[in-house]
Amino acid sequence: MAFLCFLVDQRKVVKGSKPLAGMCSKCGGGARVADMKTETRFCCVPFYCKCWRAIICSFCGAVLKSYH
């Protein structure tokens, strides 16, 4: 009998950000517009990468709005 084990993880990285006028609706912290990169890996080998822009909270890190 054989068992297959797949290790898949997804990592979101902020490549750069700029301050934005506004506040977070969850914690009241300042908002920032950020260029994000999502990388999906299978057994430590990246096989899917996507870049997108989002408005994030600079205090709690919550994604308030995303632009794919």
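User: How are strands assigned here, and in which strand is alanine 31 found?

Analyst: Strands are DSSP runs of at least two E residues, numbered from the N terminus. In this predicted model, alanine 31 is found in strand S2.

User: How do I read burial, and is alanine 31 buried or exposed?

Analyst: Buried means under 20% relative accessible area. Alanine 31 has a relative accessible area of 7%, so it counts as buried.

User: Which residues does alanine 31 touch, apart from those up to four places away in sequence?

Analyst: Alanine 31 touches Pro19, Leu20, Gly22, Met23, Ile55, Ile56 and Leu64. A distance can be read alongside these contacts. From C-alpha to C-alpha, alanine 31 lies 10.0 Å from cysteine 60, and the two are 29 residues apart in sequence.

User: Where is alanine 54, and what is its relative accessible area?

Analyst: Alanine 54 sits in strand S3, which covers residues 45–57. Its relative accessible area is 0%, so alanine 54 is buried.

User: Which residues is alanine 54 in contact with, leaving aside neighbours within four places in sequence?

Analyst: The contacts of alanine 54 are Arg32, Val33, Ala34, Met36, Val63, Lys65 and Ser66. For a distance across the chain, take arginine 11: its C-alpha atom is separated from that of alanine 54 by 15 Å, and the residues are 43 apart along the chain.

User: How many salt bridges does a search of the whole structure find?

Analyst: A salt bridge pairs a side-chain nitrogen of Lys or Arg with a carboxyl oxygen of Asp or Glu, within 4 Å. The search finds 2 salt bridges in the whole structure.

User: Which residue forms a salt bridge with aspartate 9?

Analyst: Arginine 41 does, and the closest N and O atoms are 2.8 Å apart. This pair links distant parts of the chain, with aspartate 9 in strand S1 (residues 8–23) and arginine 41 in strand S2 (residues 30–42), 32 residues apart.

User: Are aspartate 9 and arginine 41 buried or partly exposed?

Analyst: Aspartate 9 is partly exposed, at a relative accessible area of 31%. Arginine 41 has 16%, so it is buried.

User: Where in the chain are aspartate 35 and arginine 53, whose side chains meet in a salt bridge?

Analyst: The N to O distance in this salt bridge between aspartate 35 and arginine 53 is 2.8 Å. Aspartate 35 is in strand S2 and arginine 53 in strand S3, 18 residues apart, so the pair links distant parts of the chain. Aspartate 35 counts as partly exposed at 30% relative accessibility, and arginine 53 counts as partly exposed at 42%.

Terms used: Residues numbered from 1 in each chain as written. Predicted model: local features only at pLDDT ≥ 70, side-chain atom pairs only at ≥ 80, totals over all residues. Heavy atoms only, no water. Helix = DSSP H or I, 4+ residues; strand = E, 2+ residues; numbered from the N terminus. Buried < 20%, exposed > 50% of the residue type's maximum accessible area, 1.4 Å probe, protein only. Contact = heavy atoms within 4.5 Å.
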